[in-house]
Amino acid sequence: MTASDLPQAAPARTGLVKAMARGFLGRCPHCGEGRIFGRFLKVSPACDACGLELHHHRADDLPPYLVIFIVAHIVGYLILELEMSYDVPLWFQLGFWPLVTLGLALALLQPVKGAVVGLQYALGMHGFGGLPGVRSAAGEDARLGNSGHGSAGLGRA
């Protein structure tokens with residue numbers, strides 16, 4: 001008996017935390033090898049390593065909302081601490097804090113979007129129901145509109 005004669009285990013879906021961490025690092029949420037982004041915020045159509053289709057994700061507005069929430073809390077806390085502890089000139093603060101805010105927002109936007117794509121993958125949302133390399137006859141029939149009951153396309157009798 002050779003290794004090719006043994007039954008192949010079906011690939012399992014990656015857990016929530018691991019998939020989000022892989023997405024945060026810009027890696028495929030399924031295998032962790034392929035890159036998830038083709039450009040700064042453009043998600044690749046599919047993973048180069050495992051073939052997981054990524055084109056149907058729906059990150060939309062959640063990443064910017066999360067980035068605004070995170071950056072506002074960090075920068076707001078730092079401004080409050082600086083104001084309470086030191087006497088810093090207004091001209092410095094008007095020049096410094098917008099740059100810090102912009103820098104943090106740009107630095108966090110891609111990782112947060114990757115984590116949201118990882119979240120969608122882990123929960124099987126928006127077309128992430130199937131795994132790469134696994135095809136089920138029932139899933140194909142459902143996608144094509146065949147329910148397997150009676151004749152196809154004739155409706156109810």
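**Exercise 1. How do helix 1 and helix 3 sit together?**

At what angle do the axes of helix 1 and helix 3 cross, and within what distance do they come? Work out, too, which residues make the contact.

*Solution.* Keep in mind that you're looking at a predicted model.

Step 1: Two packed helices are described by the angle between their axes and the distance between the axes.

Step 2: Find both values. Helix 1 spans residues 16-24, and its axis comes within 6 Å of the axis of helix 3, with a crossing at roughly 150°.

Step 3: Angles over 145 degrees count as roughly antiparallel, so helix 1 runs roughly antiparallel to helix 3. The handedness of this crossing is right-handed.

Step 4: List who touches whom. Helix 1 brings Leu16, Ala19, Met20, Gly23 and Phe24.

Step 5: Sort them by class. You get 10 nonpolar residues, 3 polar ones and no charged ones.

**Exercise 2. Explore the nonpolar cores**

Find out which residues of the largest nonpolar core touch the most other members, then follow up the contacts of Ile36.

*Solution.* 

Step 1: The largest nonpolar core holds 13 residues, and Ile36, Val43, Leu52, Leu54, Val117, Tyr121 and Phe128 touch the most other members.

Step 2: See where the core comes from. Helix 3 (residues 90-122) supplies the largest share, 3 residues.

Step 3: Zoom in on Ile36. Skip its neighbours within four places in sequence, and Ile36 is in contact with Gly26, Arg27, Cys28, Pro29, Lys42, Val43, Ser44, Leu54, Gly114 and Val117.

Step 4: Look for another core. There's a second, separate one of 9 residues, with Val67, Val71, Leu82 and Val88 among them.

**Exercise 3. Step back to the whole chain**

Describe the protein chain as a whole, starting with its helices and strands.

*Solution.* 

Step 1: Count the elements. The chain has 4 helices and 0 strands, running α-α-α-α from the N terminus.

Step 2: Check burial. Of the 157 residues, 27% count as buried.

Step 3: Consider sequence separation. Among contacts with a separation of 6 or more, 58% join residues 24 or more positions apart.

Methods: Residues numbered from 1 in each chain as written. Predicted model: local features only at pLDDT ≥ 70, side-chain atom pairs only at ≥ 80, totals over all residues. Heavy atoms only, no water. Core = buried A, V, L, I, M, F, W, Y, C linked by side-chain atoms within 4.5 Å. Buried < 20%, exposed > 50% of the residue type's maximum accessible area, 1.4 Å probe, protein only. Helix = DSSP H or I, 4+ residues; strand = E, 2+ residues; numbered from the N terminus. Contact = heavy atoms within 4.5 Å. Axes fitted to C-alpha atoms, helices over the stretch in contact; angles between N-to-C directions. Parallel < 35°, antiparallel > 145°, perpendicular 65-115°, else oblique. Left-handed = near helix turned anticlockwise from the far one by under 90°. Nonpolar A, V, L, I, M, F, W, Y, C, P; charged D, E, K, R; others polar.
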